Amino acid sequence: MSHPAQAPYADLFWAFLRTGLFGFGGGPAMIPLVQQEVVKRHAWLSDEEFVDILAIANMLPGPIATKMPGYIGFRIAGVAGCLIAVIAVVLPMIVTMNALLAIFSHYRDVAWIHGMGQAVVPVVMVMMGQLTMDFWNKSRMALGWGVSLAMAIVAGALIYLVGIHPGAIIGVLLFTALLLRPTHRHEQATP
Amino acid sequence: MIYFELFLAFFIPNIIGYGGGPAIIPLIEAEVVGRYGWMSAQEFAETLALGNALPSPIATKMAGYVGYDVAGIAGALIAVLATVLPSLLLMLGALGLLYRHRHSPRVKRMSQWVRPVIAVMMAWLTWSFFSEGLVGAGLLHTLLIGAASAIALLRFRLHPAFVILAALVYGGLFLG
């Protein structure tokens, strides 16, 4: 507030460092923290602007927790602001992750460390199962039971039985969704 | 060309993965474990476990780790840029266009149509973690740890970091 002419690089860095460090549970869980910093603490954006930007970020693929800081950083302090915001969010935990996994794989041959590695697999299985249900429920609500199931089965068969790259299938779906004239809300089960 | 492969392995999941970081995980697995074989399913599970226990976005943590593991600091940089840059550039470059179409049924359809495909890939990945658990921890421990963490995560809404930590302790004591 005291120096309005100067680009708030340090503020940007600390704001997004905090969102990165307290943002447990992946990108989507970090949105309220970003809002806290950007709207409430620093008043860089109004509530309406934030909601609009979030809506636009959700129209695009890719992680939400880097699109928001990157865009907000750019809007406030240009290219440098964009870089600072993204680095503050992602870098600390990338370094931490690499360090921890380096220690882990160094001692992988020690029996009890090996056991630790095996014990986390069922936990990750449960988490992935939880995500599966999450995406399935959202899909069922938007497209209905029949269409969701048909699309899942056809896509699953094409990816895992025929061996088509998932990118090709999703790419075709995205293009069809974008180009096909919207008529009824629910139709078109397969690419 | 390892750098180009790394770029593609993270560019493709992030340019088609609607639904934020979690949606990208099965797509990254398809590249990193399935296509290029940079990691085993076991290593991918371990990386994902640690990634879920630490804060900050999951997609960039995975990119930063796999990239570094495969090709050092340059590899990490390329994988992270391939993750962050495409959608960020689209957002910066086409904000006006996107803003005008934010209520368009076509755009809404895009993320809706991708979801069943992501869901089936997630289901497949869940299954592959199960069979990995059978090989490593064995049926009994897999069911035991799986049931305990399901109760902790779903019923008591315990933080994933604590559940991972508890599993590490259990594994160190009983699976060593």
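The structure described here is a predicted model.

The contacts between the two chains were examined next. In total, 79 residues of chain A are in contact with 92 residues of chain B. On the side of chain B that touches chain A, two or more residues come from each of helix H1 (2-16), H2, helix H3 (41-53), H4, helix H5 (95-100), helix H6 (105-136), helix H7 (139-155) and helix H8 (160-174) of chain B. The most is given by H6(B), with 25 residues. By residue class, this side of chain B divides into 60 nonpolar, 25 polar and seven charged residues.

A:Met125 counts as buried because 25 C-beta neighbours lie inside 10 Å, the cut-off for a buried residue being 20 or more. Apart from neighbours within four places in sequence, A:Met125 is in contact with B:Thr126, B:Phe129, B:Phe130, B:Gly133 and B:Gly146. Within chain A, A:Met125 and A:Tyr107 are 18 residues apart along the chain, and their C-alpha atoms are separated by 24 Å.

Helix H2 of chain A comprises 15 residues, numbered 27-41. At 1.5 Å a residue this helix should span 21 Å, and its end C-alpha atoms are 20 Å apart, so the two values agree. An α-helix has 3.6 residues a turn, so residues three or four places apart point the same way. Just after H2(A), A:Ala43 adopts a positive phi of about 55°.

Chain B contains eight helices and zero strands, in the order α-α-α-α-α-α-α-α along the sequence. Its C-alpha trace spans about 55 × 40 × 25 Å along the principal axes. Of the 176 residues in chain B, 57% are buried. Among contacts in chain B between residues at least 6 apart in sequence, 56% join residues at least 24 apart.

Annotated segments were then compared with the model. In an unreviewed entry, UniProt places the feature "transmembrane region" at residues 12-34, 76-104 and 110-129 of chain A. Residues 12-34 of chain A are 83% helix and 0% strand, with end C-alpha atoms 11 Å apart. Residues 76-104 of chain A are 100% helix and 0% strand, and their end C-alpha atoms lie 40 Å apart. For chain B, an unreviewed UniProt entry places this feature at residues 7-28, 70-92, 113-130, 136-153 and 158-175. Among these, residues 70-92 of chain B are 100% helix, with end C-alpha atoms 30 Å apart, and residues 113-130 of chain B are 100% helix, with end C-alpha atoms 27 Å apart.

Note on methods
Residues numbered from 1 in each chain as written. Chains lettered and ligands numbered in written order. Predicted model: local features only at pLDDT ≥ 70, side-chain atom pairs only at ≥ 80, totals over all residues. Helix = DSSP H or I, 4+ residues; strand = E, 2+ residues; numbered from the N terminus. Expected span 1.5 Å × (residues − 1). Contact = placed C-beta atoms within 7 Å. Nonpolar A, V, L, I, M, F, W, Y, C, P; charged D, E, K, R; others polar. UniProt positions renumbered as here; feature names shortened; annotations may be inferred. Buried ≥ 20, exposed ≤ 12 C-beta atoms within 10 Å, placed from the backbone.
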